[in-house]
Amino acid sequence: MGSSVEQNILVTGGAGFIGTHTVVQLLKDGFKVSIIDNLDNSVIEAVDRVRELVGPDLSKKLDFNLGDLRNKGDIEKLFSKQRFDAVIHFAGLKAVGESVGNPRRYFDNNLVGTINLYETMAKYNCKTMVFSSSATVYGQPETIPCMEDFELKAMNPYGRTKLFLEEIARDIQRAEPEWRIVLLRYFNPVGAHESGSIGEDPKGIPNNLMPYIQQVAVGRLPELNVYGHDYPTKDGSAVRDYIHVMDLADGHIAALRKLFADPKIGCTAYNLGTGQGTSVLEMVAAFEKASGKKIPIKLCPRRSGDATAVYASTEKAEKELGWKAKYGVDEMCRDQWNWANNNPWGYQKKL
Ligand SMILES: NC(=O)c1ccc[n+]([C@@H]2O[C@H](COP(=O)([O-])OP(=O)(O)OC[C@H]3O[C@@H](n4cnc5c(N)ncnc54)[C@H](O)[C@@H]3O)[C@@H](O)[C@H]2O)c1
Ligand SMILES: O=c1ccn([C@@H]2O[C@H](COP(=O)(O)OP(=O)(O)O[C@H]3O[C@H](CO)[C@@H](O)[C@H](O)[C@H]3O)[C@@H](O)[C@H]2O)c(=O)[nH]1
């Protein structure tokens, strides 16, 4: 459904995994979109695929700007030539292990980049933002499901950047009440657009479960290491709340609509998850069923810093955003496999 007045949205990190899927939905919903991305963890081919997917007419409403949020001038260039109604802020580094080895890179990129963005938004009086937070801010929760008012704690430098950025958002909004900020705490985003033409394409060996399984399925990796088989869970493997990236994309549109409709929103956090916990071994079985491929596994010790079981309470997002995930793990695996099968080397032609 198109919006009656065309609103102009700046999407930082829009060439990335969640960004590309969200941009498709924004364009289809009648928004005009500008992306800023430094292509640190993405490729321009992903944006070209978005254009193909939405067609020539909607593509006219999308512009891509190569730029880095750490350079204020790159952001300024965009705001000085057009007015934005809101910013969806995806840009950031997200590899937990890398953040432990190189915290300065994470603090510089995620914190400095975001502070520059706030400064420029304030200067141009654009004070509406959707921020990519993460379930990582719950650390190892004492009880599940995770509720938005749980105590927050970070387990690693990446998690600390998300926690600090949530606090920064709350402080800015408290000091300047005209800001409207939604913090979206994603659980575990997986899957791909149903067309199979855009999806997740991590550089190097994947850290996350689903891209790893996908690479085993297409023969790029020999077997999956299952980290932990002695957790106190249904089958001994760790439990997470996997969410289809298209549901996540729609969650951003619900958040934008809420921001535009509710001047009293302040700075509010919402979980985006399904509320369902799935174990690593259940996910492997679901992917095998969807792909018809055998995923050889090796049972390994627990990965340090991993929580036993994490899943979302979805009540607040359902009630206040009117948003609920539509897809389950079968659709997540079906679409992930469709993407992998069509693009065994991701956006590259071959390695
Ligand atoms: N994918 C997940 O599992 C997950 C879970 C929770 C939260 N998040 C958060 O969601 C956001 C998007 O994640 P994603 O999975 O799409 O990651 P991604 O790496 O695919 O996308 C992030 C994009 O931001 C760009 N970028 C990074 N630093 C930048 C900078 N300084 N200036 C301009 N562009 C920059 C990258 O090139 C990339 O295209 C991130 O903030 C991430 O921390 C992701
Ligand atoms: O090769 C692998 C990769 C992962 N796992 C396990 O699979 C589960 C999920 O792991 P992963 O996909 O890496 O996700 P999380 O560790 O839950 O973290 C993701 O989800 C968080 C939000 O919940 C984000 O903040 C993080 O950035 C993102 O990496 C965990 O039990 C892992 O130990 C394996 O067994 N083998």
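By the grid rule applied here, one cavity of 30 Å³ or more is counted. A cavity is a set of points, on a 1 Å grid over the protein atoms alone, where a 1.4 Å probe fits but cannot get out. The structure is a predicted model, in which local features need pLDDT of at least 70 and side-chain atom pairs count only at pLDDT 80 or more, while totals for chains, interfaces and linings use all residues. Residues are numbered from 1 along each chain as its sequence is written, chains are lettered from A and ligands numbered from 1 in the order in which they are written, and side-chain values use heavy atoms, with hydrogens and water left out.

The largest cavity holds about 60 Å³ of space, a volume being the space filled by probe spheres set on grid points that are joined across faces, edges and corners. Its lining, made of residues with an atom within 4 Å of a point, includes Glu200, Asp201, Trp339 and Gly346. Helix α7, residues 209-217, gives the most to this lining, with three residues. Helices (H or I, at least four residues) and strands (E, at least two) are DSSP runs, numbered from the N terminus. By class, five lining residues are nonpolar, three polar and three charged. In this scheme Ala, Val, Leu, Ile, Met, Phe, Trp, Tyr, Cys and Pro count as nonpolar, Asp, Glu, Lys and Arg as charged, and the others, Gly among them, as polar.

The UniProt record, an unreviewed entry, places the feature "domain: NAD(P)-binding" at residues 10-335. Over residues 10-335 the chain is 42% helix and 17% strand, and the end C-alpha atoms are 27 Å apart.

Several polar contacts, defined with a ligand as pairs of N or O atoms within 3.5 Å, are found here. An oxygen atom of ligand 1 is 2.6 Å from an N or O atom in the side chain of Ser42, and a polar side-chain atom of Asn41 lies 2.7 Å from an oxygen atom of the ligand. In the side chain of Asp68, an N or O atom is 3.0 Å from a nitrogen atom of ligand 1. On its own, ligand 1 has 820 Å² of accessible area, of which the protein covers 96%; such areas come from the Shrake-Rupley method with a 1.4 Å probe.

A polar side-chain atom of Asp306 lies 2.5 Å from an oxygen atom of ligand 2. A polar backbone atom of Leu209 is 2.8 Å from an oxygen atom of this ligand, and for an N or O atom in the side chain of Arg303 the distance to a ligand oxygen is 2.9 Å. Taken alone, ligand 2 exposes 690 Å², and the protein buries 89% of that.

Two features of the backbone remain to be described. Most residues other than glycine have a negative phi, and most peptide bonds are trans. Ile144 and Pro145 are joined by a cis peptide bond, with omega about 0°; Pro145 lies in the loop between β5 and α6. Leu39 has a positive phi, near 60°, and is located in the loop between β2 (32-37) and α2 (44-59).

Conventions. Polar contact = N/O pair within 3.5 Å; in protein donor to acceptor, adjacent residues only side chain to side chain. 1 Å grid on protein atoms, 1.4 Å probe; cavity = no way out; pocket = protein on both sides within 12 Å on 5 of 7 lines; lining within 4 Å. UniProt positions renumbered as here; feature names shortened; annotations may be inferred.
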